[in-house]
Amino acid sequence: MSNNSGPSRRKFLTTGLAAGVAATGARAGDPAITDVQPWAQVLGKGVDERGYGVPSPHEAHVLRKSVPWLTAEDTSSINFTPLHQLDGIITPNGLAFERHHSGVAEVDPAEYRLMINGLVDTPMVFTLQDLMRFPRHNKVYFLECTANSGMEWRGPQLNGVQFTHGMMHNVMYTGVMLQDVLAEAGVKTEGKWLLAEGADAAGLSRSIPMEKALDDCMIAFKMNGEALRPEQGYPARLVLPGWEGNMWIKWVRRLEVGDQPWHHREETARYTDLLASGNSRRFTWVMDAKSVITEPSPQAPILHGKGPTVITGLAWSGHGVIPRVDVTIDGGVNWHQARVDGPSLDKSLHRFYFEFDWDGKPLLLQSRAHDTTGYVQPTKDALRKIRGEVSNYHNNGIQTWSVDSDGVVENVEIS
Amino acid sequence: MWKFLSLFFLFSTPILAEEIGRIAAPEEIAAWDIDIRPDGLGLPEGSGTVAEGEGIFEVQCAACHGDFGEGVDRWPPLAGGFDTLDSERPLKTVGSFWPYLSTVWDYVNRAMPFGDAQSLNVDEVYALTAYIMYLNEIVDDEEFELSKANFLDLPLGNEANFYPDDRETTEYPFFTEACMTDCKSSVEITKHASGKDVTPE
């Protein structure tokens, strides 16, 4: 195992070349090359075979998955984005995790209305077409469920990054600024809070401080260029950059301006942080800096043996961008600065890589995110020392993967 | 009404006349504005007793929440759990954890029964709220009647134990270090996920 702090391209290439030569010498000819493959001989499907394209059948295993024992049944439940099978920073729309409290509302866009009432000069109603007449903006933001990694508070439990960290997605939203829409109704000076409410059978409702609503929040109707998926709030949802996913009200139908918060179910009984003392934090809106190695991970073992190995993962912060990610392969004795590749956008996922020569010995992998405030992602022990083990929410602790000499990966905690 | 509103619109705020959207009608606001707050704002006139609530609960709620609000399978318990919040296995119920009674009324009214939301009338919501108070020993008389008039008289017990997010002072200043070399003398695996057998295929 080498502890080179940065990728050595020359070494990487040399080692790779040697391995390639050895492989070539070991067999007469690769049938993938020497045989004529069917796709190289016969005509494939024509255009219009699929009006809406779908992934290759070979990718049929790349799916959102749920943890059945976690919830009572599937209409008030959650599933998980397959982070170990994705790369880059954008989550494909069909793989973005789902969380519903009363199932997916199948809203007819022709019957969609958004009402603004309460402490406003003029209570207003907007259709979807009305919303699209406001100036549009495009922003890439991560959405993380507050309960992401919540099952891992007491110790490692789920053996897969999809399940430990997959309550998260990152897409480009097209929408309008909430401040522009609110201005149409005219927020009164005593209007300090906003109640946002969904059109689903849960009527999901959250209190949002007006300062945030007038800052960077959006009403989005597109994700990654196409209409929101029904499970993501079609035809319109709220976007609250950097804040917990539960507040990003889907199928948003009403915004009420008030002078106090409403203390509804999702901000009292749920989404509050119970501490060991028995006291609880509330209004813990911001998602702190966090990172995780997505590959290798328990669902994505190292299959190629020793030699050039790529570690990759994701880092994000509700406070801004990620200027730096550190990676360790020896359980935190020594750390190396990872390479962030791709766009570094405010309150968006960042993709990082760390390339090294694996000597085939066991590894203890961790990543550690830094954000623009100087915050450094803490260990799980550091969080538990302050909060205890029953918080459920806001677990942004460092994740450890143990890799054995066969490349098999396990979710563990270390000293 | 519309004519009046239009004229009002035109003369009082002419800048909006050519703007986006339309004025919400009072009956539209009444249909959608169902939320209530801890100070009672939004509570409609109405009332219901513990005994009435028990009858509704048995039919509409007990299949998931249990006859005594203890919760069936993974469905949420509504009662009990007193003095467990500082234990290793806290039981968070209306009685042990929820800070405001208004949250019960609002949630039952907007989202329950599960799968048949907004089907209860106002008196039924008062009655169910009264019964949930009874299950949590906040009232002990089956004839107790909860109404808009006495709604604020019997607060829940845990409100004082909630406080605003304090991570900025209790956590952020302590999470700034990033050792890079020789950070530990030894490393041991202390906990494993393997063997727990809880991960889906």
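Biologist: Hello! Which residues touch the most other members of the largest nonpolar core?

Modeller: This is a predicted model, in which local features need pLDDT of at least 70 and side-chain atom pairs count only at pLDDT 80 or more, while totals for chains, interfaces and linings use all residues. Residues are numbered from 1 along each chain as its sequence is written, with chains lettered from A and ligands numbered from 1 in written order. A nonpolar core joins buried Ala, Val, Leu, Ile, Met, Phe, Trp, Tyr and Cys residues through C-beta atoms within 7 Å, and buried means 20 or more other C-beta atoms within 10 Å of a residue's own, with C-beta atoms placed from the backbone. Among 139 core residues, those touching the most other members are L131(A), M218(A), I219(A), A220(A), L238(A), V239(A) and Y131(B).

Biologist: Which element gives the largest share of this core?

Modeller: Helices here are DSSP runs (H or I, at least four residues), numbered from the N terminus. With 10 residues, the largest share comes from chain B, in residues 122–135, helix α6.

Biologist: How many residues does chain B bring to the contact with chain A?

Modeller: Two residues are in contact if their C-beta atoms, placed from the backbone, lie within 7 Å. Chain A brings 75 residues, and chain B brings 64.

Biologist: On that side of chain B, how many residues are nonpolar?

Modeller: Ala, Val, Leu, Ile, Met, Phe, Trp, Tyr, Cys and Pro count as nonpolar, Asp, Glu, Lys and Arg as charged, and the others, Gly among them, as polar. Besides 12 polar and 22 charged residues, the nonpolar ones number 30.

Definitions and conventions. A residue is buried if 20 or more other C-beta atoms lie within 10 Å of its own, exposed if 12 or fewer, and partly exposed in between; C-beta atoms are placed from the backbone. Helices (H or I, at least four residues) and strands (E, at least two) are DSSP runs, numbered from the N terminus.
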